[in-house]
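Here is a short briefing on aromatic rings, charges over rings and helix packing. Please look at the model first.

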Amino acid sequence: MLSVNIICVGKLKESYLREATEEYAKRLKALCKLSVIELPEERVGDDPSDAEISRTVNAESERIMAKLGKGDYVIALCVEGKNISSEELSAKLEDISMRSSTVDLIIGGSWGLSDAVKQRADFRLSMGKMTFPHQLFRVMLLEQLYRAFQISRGTKYHK
């Protein structure tokens, strides 16, 4: 069974997002070994300078890098990543499971991921050109993972 680590910056603040995350995590337990790893978010002022944003991204990215396993397959979620369908994500996870026992999916903080994290990634994934709140994105990613596993199983969840 594939181990799936979602490594994300920040905690979910809204109860409805926590409930949705818990529901998909419960559904995924039968399909993979899921772990959601929340890392502390850096605090910045209301109008941060470019230097402060860079420091923030680098500090958060260092914490992310410390959580990545040596043999893990790493997927960075970023706007410049490849946009794929749910079916393609399903096939990607099947392929990963043949090469690695663990996949790490990384969701950065409000300011994104450092170049170092993106370079460490084996694959860069985008869910479109639109911008989403990173807390909502966690729910969206869990749903797509659930959908991908259901596609692999041939269930009727994915229409």
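Buried means under 20% relative accessible area, exposed means over 50%, and partly exposed lies in between (1.4 Å probe, protein chains only). This is a predicted model: local features need pLDDT of at least 70, side-chain atom pairs count only at pLDDT 80 or more, and totals for chains, interfaces and linings use all residues. Residues are numbered from 1 along each chain as its sequence is written, and side-chain values use heavy atoms, with hydrogens and water left out.

**Aromatic pairs**

- Rings of Phe, Tyr and Trp (its six-membered ring) pair if their centres lie within 6.5 Å; planes under 30 degrees apart count as stacked, over 60 as edge-to-face and the rest as tilted.
- The count by this rule is two aromatic pairs.
- Tyr-24 and Tyr-146 make a tilted pair, with 6.2 Å from centre to centre and 55° between the planes.
- This pair links distant parts of the chain, 122 residues apart: Tyr-24 is in helix α1 (residues 15-28) and Tyr-146 is in helix α5 (residues 134-153).
- Helices (H or I, at least four residues) and strands (E, at least two) are DSSP runs, numbered from the N terminus.
- Tyr-24 is buried at 16% relative accessible area, and Tyr-146 is buried at 12%.
- Phe-132 and Phe-137 also form a tilted pair, at 6.4 Å centre to centre and 35° between the planes.
- Phe-132 is partly exposed, at 28%, whereas Phe-137 is buried, at 10%.

**Charges over rings**

- A charge sits over a ring if NZ of Lys or CZ of Arg is within 6 Å of the ring centre and within 35 degrees of the ring normal.
- Arg-27 lies over the face of Tyr-146, 5.3 Å from the ring centre.
- Lys-92 lies over the face of Phe-123, 4.2 Å from the ring centre.

**Packing of α3 and α5**

- Helix α3 (residues 86-99) packs against α5 at about 75°, with the axes 8 Å apart.
- Axes are lines fitted to C-alpha atoms, for helices over the stretch in contact, and angles run from 0 to 180 degrees between N-to-C directions.
- The two helices, α3 and α5, are therefore roughly perpendicular (65 to 115 degrees).
- Contact means heavy atoms within 4.5 Å.
- Residues of α3 that meet α5 include Leu-89, Ser-90 and Leu-93; those of α5 include Leu-145, Ala-148 and Phe-149.

**Glu-143**

- Glu-143 is found in helix α5 and is buried, at 12% relative accessibility.
- Leaving aside neighbours within four places in sequence, Glu-143 is in contact with Tyr-24 and Tyr-157.

Note on methods: Parallel < 35°, antiparallel > 145°, perpendicular 65-115°, else oblique.
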